[in-house]
Amino acid sequence: MGFFSKTCEYALRAVMYIAAQSSNGKKVGIKEVADKINSPAHFLGKILQNLSKDGIIQSTKGPQGGFYISQEGLKKPLADIVIAIEGAQFLNGCGMGLSYCSQENPCPLHDDFKEIRDRLNLMLHKTTIGQFNEKLIQGVLTLNK
């Protein structure tokens, strides 16, 4: 079980796979990405459309078309993917989903969750999409068994 929703997990995996393939100038289709990251193709198609609309990945139509990521896209933080899928509230909100939770009016999980959320937030904003590319290409990291 992951920390993120299934949608966000698929988005993170897909972007990393697309980034690794883009390093050789390759564009990939939805079916290939879905097969390589163990995702349902139809569901992934909607995710990739949203990520493309938000400028995280790019796509071209036609026989030589597919999804790819630009050099500029490789510089984007992982937080951009999470925010595109989950919304900004995911990185700032209450662990119990309570709208009134704050430092002045904390929920039962507030202090412990805030610490975890802040560390996750820092990692997601500090780590770029491209930082994983070399290790994925070398096979040191994997997106699928």
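This is a predicted model: local features need pLDDT of at least 70, side-chain atom pairs count only at pLDDT 80 or more; totals for chains, interfaces and linings use all residues.
View 1. Cys107, for its part, is in no disulfide either, with the sulfur of Cys94 as its nearest cysteine sulfur. The count of disulfides comes to 0. Are these cysteines buried or exposed? Cys94 counts as buried, at 17% relative accessibility, and Cys107 counts as buried too, at 7%.

**View 2. The largest nonpolar core.** Here we look at a core of 34 residues, the largest nonpolar one. Which members touch the most others? They are Leu44, Leu51, Ile57, Ile81 and Ile129. Several helices give two or more residues to this core: H1 (6-22), H2 (30-37), H3 (41-53), H5 (78-86) and H7 (110-126). H1 hands over the largest share, 11 residues. As a bit of background, nonpolar side chains in soluble globular proteins tend to be buried together.

**View 3. Zooming in on Ile57.** Ile57 is among the core members with the most contacts to other members. Leave out residues up to four places away in sequence, and Ile57 still touches Val15, Ile18, Leu48, Leu51, Ser52, Phe67, Tyr68 and Ile69. Two of these neighbours, Val15 and Ile18, are in H1, while Leu48 and Leu51 are in H3.

**View 4. Where H1 meets H3.** Two packed helices are described by the angle between their axes and the distance between the axes. For H1 and H3, the angle is about 70 degrees and the axes are 10 Å apart. The pair is therefore roughly perpendicular, since angles of 65 to 115 degrees count that way. H1 passes H3 in a right-handed crossing. On the H1 side, the meeting residues are Thr7, Tyr10, Ala11, Ala14, Val15 and Ile18. Across from them, H3 brings Phe43, Leu44, Ile47, Leu48 and Leu51.

View 5. Asn38 lies in the loop between H2 and H3. What is the phi of Asn38 near? Its phi is near 60 degrees, a positive value in a residue other than glycine. Lys53, meanwhile, has its place in helix H3. Lys53 is exposed, with a relative accessible area of 64%. The C-alpha atoms of Lys53 and Ala84 are separated by 9.6 Å, though the two residues are 31 residues apart along the chain.

Methods
Residues are numbered from 1 along each chain as its sequence is written. Side-chain values use heavy atoms; hydrogens and water are left out. A nonpolar core is a set of buried Ala, Val, Leu, Ile, Met, Phe, Trp, Tyr and Cys residues joined through side-chain atoms within 4.5 Å. Buried means under 20% relative accessible area, exposed over 50%, partly exposed in between (1.4 Å probe, protein chains only). Helices (H or I, at least four residues) and strands (E, at least two) are DSSP runs, numbered from the N terminus. Contact means heavy atoms within 4.5 Å. A disulfide is a pair of cysteine sulfur atoms within 2.5 Å. Axes are lines fitted to C-alpha atoms, for helices over the stretch in contact, and angles run from 0 to 180 degrees between N-to-C directions. Angles under 35 degrees count as roughly parallel, over 145 as roughly antiparallel, 65 to 115 as roughly perpendicular and the rest as oblique. A crossing is left-handed if the near helix is turned anticlockwise from the far one by less than a right angle, and right-handed if clockwise.
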